Amino acid sequence: MYLSGKVVLANGMTPPEPVKIYLDCPGRRRPAGLTNSKGAFSVDLNNPHNTFRDASVGGASSRIRFRSSGLGRVNLSGCQLLAELGGYQADPIHLDTRSVFDNPDVGTMVLRRLDGVEGMSISFTSLSAPKKARKAYDKASREMQKNEPNLQKAEKELETAVGLHSEYATAWNMLGRVRLMQDDLERGRAALEKAVDADPKFVDPYLALARLALTRQRWNDGLQWSNQLLRLNPHAAIAHYYSAIANFRLGRMEASRKSVIELKEKNVDREFPQSHQILGMIYAQQGLYEQAAISYRDYLTVQPDGPAASRIQRQLHDWEVLGMIRKQQAEAPVAAVPRN
């Protein structure tokens, strides 16, 4: 079963770069594909894994199991398709029960520029790329859309592209990510920084640089890249999350707390369960155990089987035993309504 559709800019034009498509279902979100040169996309619902690799999320995939409704039908209630392009937003396409006999075309998503955004996920350095450079980039892009891409082949094409056009920011950005996926961290970082140098308002490499710095425990670098991204795009929720991590590790608790509160105010904190854990630890260090308990329970609500769940449950139990927080009351069962 396939879903297809199209993504356009508000002026009706096709985005000059591939747009990431995500399938978002309750409790799960996975990469589902990229738009092609005409802005079209296709989502294979039979593929439980991601259909494009993205070093900003570690290249990981999320498995989504759909409920069969019989007779070639699948229940997609609560699921939606999202288009992601930094600095832009599109209304999602909401899904419902679908049949193999349905028209796969689910419609068009229109990307609108967000207010207050200076940066872009579209680099106009691509427009000045010579034809051969663009052709090499397109080959690499198609390779990276495969389920099992040949990373060495993509890297070679991208090196050709930047060799022909040294200011090709999107090619430098993809080259950096391909190298990171091969654990070539230093050369990956160098390529991403080349992308920033070529187009300082192109936001994509900032995210990968921030994530790389945090994974290598270079907290100051992670904070620097996160803050630069936020100046270009204050709507970038993941940059607030990275900023919260970096500031916490640097001992800047108030700045870290503000970043998490920003996520809560944007109503995207559920996408980052560890932000609740960070907030809980900050409140605990300040002796605000009741507030810490609220944040820890928020974490358990969002990620009950998360890596920190058992540790948090023990901490809450210990605080209750010591009388540091009130015991959480179990909800009373609803009384049965007598029938007449």
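**Notes on helix packing and the cores**

1. In this predicted model, the axes of helix 5 and helix 7 come within 11 Å of each other and cross at roughly 25 degrees. Because angles under 35 degrees count as roughly parallel, helix 5 is described as roughly parallel to helix 7. The crossing of helix 5 past helix 7 is left-handed.

2. As for the residues involved, helix 5 contributes L207, A210, R211 and L214 to this contact, while helix 7 contributes I238, Y242, I245 and A246. Sorted by class, the contact of helix 5 with helix 7 consists of seven nonpolar residues and one charged residue, with no polar ones.

3. Helix 5 also packs against helix 6, with the axes 7 Å apart and an angle of about 160 degrees between them. Since angles over 145 degrees count as roughly antiparallel, helix 5 is roughly antiparallel to helix 6. Here, too, the crossing is left-handed, as helix 5 passes helix 6.

4. The contact of helix 5 with helix 6 divides into 10 nonpolar, three polar and one charged residues.

5. Which residues have the most contacts inside the largest nonpolar core? They are L229, Y242, I245, I312, L316 and W319, in a core that has 47 residues. Two or more residues of this core come from each of helix 4 (185-198), helix 5 (204-215), helix 6 (219-232), helix 7 (237-249), helix 8 (253-265), helix 9 (273-285), helix 10 (289-302) and helix 11 (309-321). Helix 7 gives the largest share, eight residues.

6. I312, one of the residues with the most contacts inside the largest core, touches Q277, Y296, Y299 and L300, when residues up to four places away in sequence are not counted.

7. For the chain as a whole, the secondary structure comes to 11 helices and 11 strands, and 48% of the 340 residues count as buried. Among contacts between residues at least 6 apart in sequence, 57% join residues that are at least 24 apart.

Terms used: Residues are numbered from 1 along each chain as its sequence is written. This is a predicted model: local features need pLDDT of at least 70, side-chain atom pairs count only at pLDDT 80 or more; totals for chains, interfaces and linings use all residues. Side-chain values use heavy atoms; hydrogens and water are left out. A nonpolar core is a set of buried Ala, Val, Leu, Ile, Met, Phe, Trp, Tyr and Cys residues joined through side-chain atoms within 4.5 Å. Buried means under 20% relative accessible area, exposed over 50%, partly exposed in between (1.4 Å probe, protein chains only). Helices (H or I, at least four residues) and strands (E, at least two) are DSSP runs, numbered from the N terminus. Contact means heavy atoms within 4.5 Å. Axes are lines fitted to C-alpha atoms, for helices over the stretch in contact, and angles run from 0 to 180 degrees between N-to-C directions. Angles under 35 degrees count as roughly parallel, over 145 as roughly antiparallel, 65 to 115 as roughly perpendicular and the rest as oblique. A crossing is left-handed if the near helix is turned anticlockwise from the far one by less than a right angle, and right-handed if clockwise. Ala, Val, Leu, Ile, Met, Phe, Trp, Tyr, Cys and Pro count as nonpolar, Asp, Glu, Lys and Arg as charged, and the others, Gly among them, as polar.
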